[in-house]
Amino acid sequence: MSTFLQQLRVDWPVASERAATEALRSRTLAELNPAGDREALPPGVLGYVYLKELVEERGRTAGYDPNLENCLVTEDLLSVLAELQAAVLHWPEAGSLDLAAAGDSDADGCVVVHVVSCEEEFQQQKLDLLWRKLDDQAPLSQKHLVCGPVKVAGAPGTLTAPEYYEYRHAQVCEASAMKHSRDLAQDPAWTETFRVLSVATIKFEMLSTAPQSQLLLTLADSSISTKGTKSGIFVMYNCARLATLFEGYKHNMEQGLYPTFPPVSSLDFSLLHDEGEWLLLFNSVLPFPGLLSQTAALDHTAPGLHITARTETVCKLLVQLSMDFSSYYNRVHILGEPRPHLFGQMFARLQLLRAVCEVLHTGLAMLGLPPLSHI
């Protein structure tokens, strides 16, 4: 699984060795229920710890399952808890998501988000409560982001995560071979491009659905091409088109055909009177900062145990922006004849497309994806 996460450019903490569990084990032995024959327990199982009082202490509004009573403590479970402890100790260095309270940088100022499937939510709540019971320094604020089930259409049997990646990667290579009329999969110059396109395909496919909803993966997906307007490849393709456009302007400027780009304050945006230009501006560029502030940080201050993420909002905006830009780009000639009376409109259009490019790049960065300059 760690290899799959690395392929997807997901920075997920993975312990390099089994975390130390001595202190947790000692605390567990002190908390074990006296009932039962401990000698009859299988190897690696320490016994049961009573959690019911923690559930009742937090009340119904906290959101814990009222059926939670005991937790079967194993060595593996203690190892997971030890890894969580280590992560909290280093949490200020862990990333840029704004999940911390504006207080001191200790465990009390750290918010732990348990990302868990709906099938494992009950067990993860046990882990949450067990951590609180065994560790006096456990973070006071713990939230659960529950993801819906993932169903696969067209799979002959159980599909593993690495198999899913390889399947999409093969489709990307096949789509490229059809577009370029030759197989580029073995060309080292294209290896990274195909990898990024495969990751973009998977991330848009999985994140375009609200995390709490069921996700249906369709393996025989016809949208895996630059013409499939709902895929990550389509977004990356339009990023590459923008990069090519700006490279074309730079080349013509160096050849003396175009002047250097003037200050933005001197541009005449009244020359933008095409409907497609205002569609780009009002549907995507202007709303993007507000959307960014709503989705960049999880709302950990809301009452209750559960929080939600809005990854689908970012994906849908990027796809819609790519569709609007593609329609505009196919219809309007941006780099016109090198005539002085045409430069004003050309520069106004280029500045608008600079903003479009910035939105695309920022949105992709939120998804952990680099923009591509060519496909």
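Start by selecting Pro 259: setting aside residues up to four places away in sequence, it touches Tyr 249, Met 253, Phe 343 and Phe 347, where contact means heavy atoms within 4.5 Å. You're looking at a predicted model, so local features need pLDDT of at least 70 and side-chain atom pairs count only at pLDDT 80 or more, while totals for chains, interfaces and linings use all residues. Residues are numbered from 1 along each chain as its sequence is written, and side-chain values use heavy atoms, with hydrogens and water left out.

Pro 259 sits in the loop between H8 and H9; helices here are DSSP runs of H or I with at least four residues, strands are E runs of at least two, and both are numbered from the N terminus. Pro 259 is partly exposed because its relative accessible area is 33% (buried is under 20%, exposed over 50%, partly exposed in between, with a 1.4 Å probe and protein chains only). Phe 347 is 88 residues away from Pro 259 in sequence, yet their C-alpha atoms are 10.0 Å apart.

Next, show the rings. Tyr 249, Tyr 258, Phe 261, Phe 343 and Phe 347 make up one aromatic cluster. Rings of Phe, Tyr and Trp (its six-membered ring) pair if their centres lie within 6.5 Å, with planes under 30 degrees apart called stacked, over 60 edge-to-face and the rest tilted. The structure has nine such pairs.

Now click Arg 354. Its charged end sits over the ring of Phe 261, 3.9 Å from the centre; the test is NZ of Lys or CZ of Arg within 6 Å of the ring centre and within 35 degrees of the ring normal.

Beyond four places in sequence, Leu 353 is in contact with residues including Leu 242, Phe 246 and Tyr 328.

Last stop: Thr 28, in helix H2 (residues 22–31). Is Thr 28 buried or exposed? Thr 28 counts as buried because its relative accessibility is 0%. A polar atom of its side chain lies 2.7 Å from the backbone oxygen of Leu 24.

Terms used: Polar contact = N/O pair within 3.5 Å; in protein donor to acceptor, adjacent residues only side chain to side chain.
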